[in-house]
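Hi,

Here is the structure I promised to pass on. Have a look at it first, and then read my notes on its salt bridges below.

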Amino acid sequence: AGSWFTDTPYGTIITNGVDRPVIVNPWPLGTGAEAAAARTRCIRPLGFATLPSAVEPLRVNPMPAPSGGLFGYAVSFISSTGSEGPASELATINWGLPEDAIGLRHAVGLRLPIGPDGTVARRIYRTRNMSDDFIHQGDATLYSLDLVRNNAEDIFFDAIRPDAVNLPKPDLATGPLPAPRARFSALFGGSLWLDGGIDDGLSLYYSAPGLIEQFGAAAFIQLGAEGGGITGLFGNYTNLLVFRERGIDVVTGTYQTGFQVRTISNSVTCKSPHSIQAVPGLGVVFLASDGVYALTGGLEGGAIADVVNLTVGQDEFIEEMTPDCLPKAVGIFSASMRQYQLYYCAGGSDRPSKGLVLHLDRLALLDSQRLSAWSSRSGFPVGALATRADGTIVFGHHTGAESGNSTSQRGLFVMSGKRAKGSAIESDNMVAQSPPTSTYRSAWWSAGDPQMQKQVTYVTIWVMTTGDASITMRHYKAFSLTPVLERT
């Protein structure tokens with residue numbers, strides 16, 4: 001299904017099911033040279049991979065009790081998202097003072113590990129004096145010692161008295177990233193949700209609220225095997241939709257009270273995760289294997305939810321889809337255009353070649369004017385879809401340089417609404433091509449009882465055009481697609 005993107009306040013999470021998830025924060029990049037230099041800071045792995053290395057003493061002066069001390073140290077990394085990772089293994093240091101060192105305080109020099117990319121601070125923890133001759137003998141409880149607010153300094157001097165260390169180390173539910181091969185991600189309930197990937201397709205992992213890289217060992221949900229593997233995640237207001245190979249589940253609840261999972265459909269499945277969009281007035285719209293559906297209604301408080309097929313009567317478009325390439329289908333909703341656009345592989349093509357557009361403004365006219373809410377598109381080389389802040393639809397070319405032609409179209413394009421079949425460069429100028437031909441086909445009209453032999457006298461058509469356009473009308477009979485008459 002390609003890479004999956006989830007926008008968060010800290011950057012964009014990208015997963016693909018093969019590589020470790022990354023977090024991208026590309027703005028501002030500045031000039032090309034500045035962008036190249038900042039690339040390693042813009043992209044970094046998501047979450048914590050391993051435990052930090054243990055703290056190392058710079059130099060110690062071992063002395064026997066009673067003049068000595070035994071302390072344990074640990075360190076943890078804090079990332080740019082505010083998440084704190086697991087603490088390092090406990091490193092013990094035994095030191096002592098000469099017997100004549102009256103009135104002096106011993107200071108221990110420590111070498112701290114440097115954190116990975118994205119680390120903005122390191123928190124140091126220490127035990128109290130747990131030597132055999134002290135009141136905290138054998139007590140390995142860690143206390144918060146200090147916070148180093150950078151990831152550059154590797155030397156720290158500890159001269160803090162044991163009685164000044166009183167804040168115990170919090171029992172953080174944190175650890176290494178549990179889903180290093182995640183395919184999908186979503187935000188719900190303040191937490192970042194990840195699937196387990198292909199090898200762990202029945203597991204959902206969630207972070208602490210507001211801390212998208214802090215995953216506890218018990219912060220996961222194991223789904224039932226009857227629904228199959230996860231094929232998409234979508235955070236929708238107060239719930240999380242989990243699309244699966246043989247159904248749709250919904251996750252509700254909160255981190256504090258616990259999350260619950262229930263199944264809302266066993267008959268509809270979505271294998272096109274990039275087609276999932278929230279459409280006002282309809283609900284969550286997505287492409288299934290047998291049509292475009294909308295998940296309507298509420299999912300909490302006893303509300304009734306329903307899965308509605310929006311493409312009834314559009315069988316000719318649905319049947320030509322390439323089943324094995326459903327994961328390559330892409331969809332987007334534009335608030336300014338009031339459209340849900342879907343592009344899919346058709347006729348055996350291995351990349352999107354046909355499109356369906358749902359016009360929301362036509363839905364209210366269905367009963368009065370019998371207009372189809374759908375229109376079709378062809379010839380749009382759409383590989384990916386997105387919208388700008390103003391609702392303008394932007395798509396990425398699905399072939400580009402792969403064609404091997406140095407002059408082939410590639411990169412990003414805007415669906416401007418201009419009636420032209422693309423453009424071409426002529427004498428260093430971008431020239432619009434000829435406009436497309438619009439075709440409207442009415443529904444079959446029944447004349448009733450064939451014994452009545454009704455005679456059609458005339459047909460009136462109202463067409464809105466710009467300029468002096470030629471209009472060709474064809475009419476068909478008895479469900480035959482060969483026109484009986486054609487007139488321009």
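Before the notes, one term: a residue is called buried when its relative accessible area is under 20%, exposed when that area is over 50%, and partly exposed in between. Also keep in mind that this is a predicted model.

So, how many salt bridges does the structure hold? There are 12. Here are some of them.

Take R111 and D154, whose side chains meet in a salt bridge with 3.1 Å from N to O. R111 sits in strand β8 (residues 108-111), while D154 is in the loop between β10 (143-148) and β11 (155-158), so this pair ties together parts that are 43 residues apart in sequence. D154 has 27% relative accessibility, which makes it partly exposed, and R111 is partly exposed too, at 36%.

Next up is E316 with R441: in this salt bridge the closest N and O atoms are 2.9 Å apart. Where do the two partners sit? E316 belongs to helix α2 (residues 315-319) and R441 to the loop between β32 (429-432) and β33 (473-475), so the pair links distant parts of the chain, 125 residues apart. E316 is partly exposed at 45% relative accessibility, whereas R441, at 57%, counts as exposed.

Last one from me: R338 and D361 form a salt bridge, with 3.0 Å between the closest N and O atoms. Because R338 lies in the loop between β24 (330-334) and β25 (339-344) and D361 in helix α3 (residues 360-363), the pair ties together parts 23 residues apart in sequence. Both are partly exposed, R338 at 34% and D361 at 49%.

Cheers

Key: Residues are numbered from 1 along each chain as its sequence is written. This is a predicted model: local features need pLDDT of at least 70, side-chain atom pairs count only at pLDDT 80 or more; totals for chains, interfaces and linings use all residues. Side-chain values use heavy atoms; hydrogens and water are left out. A salt bridge is a side-chain nitrogen of Lys or Arg within 4 Å of a carboxyl oxygen of Asp or Glu. Helices (H or I, at least four residues) and strands (E, at least two) are DSSP runs, numbered from the N terminus. Buried means under 20% relative accessible area, exposed over 50%, partly exposed in between (1.4 Å probe, protein chains only).
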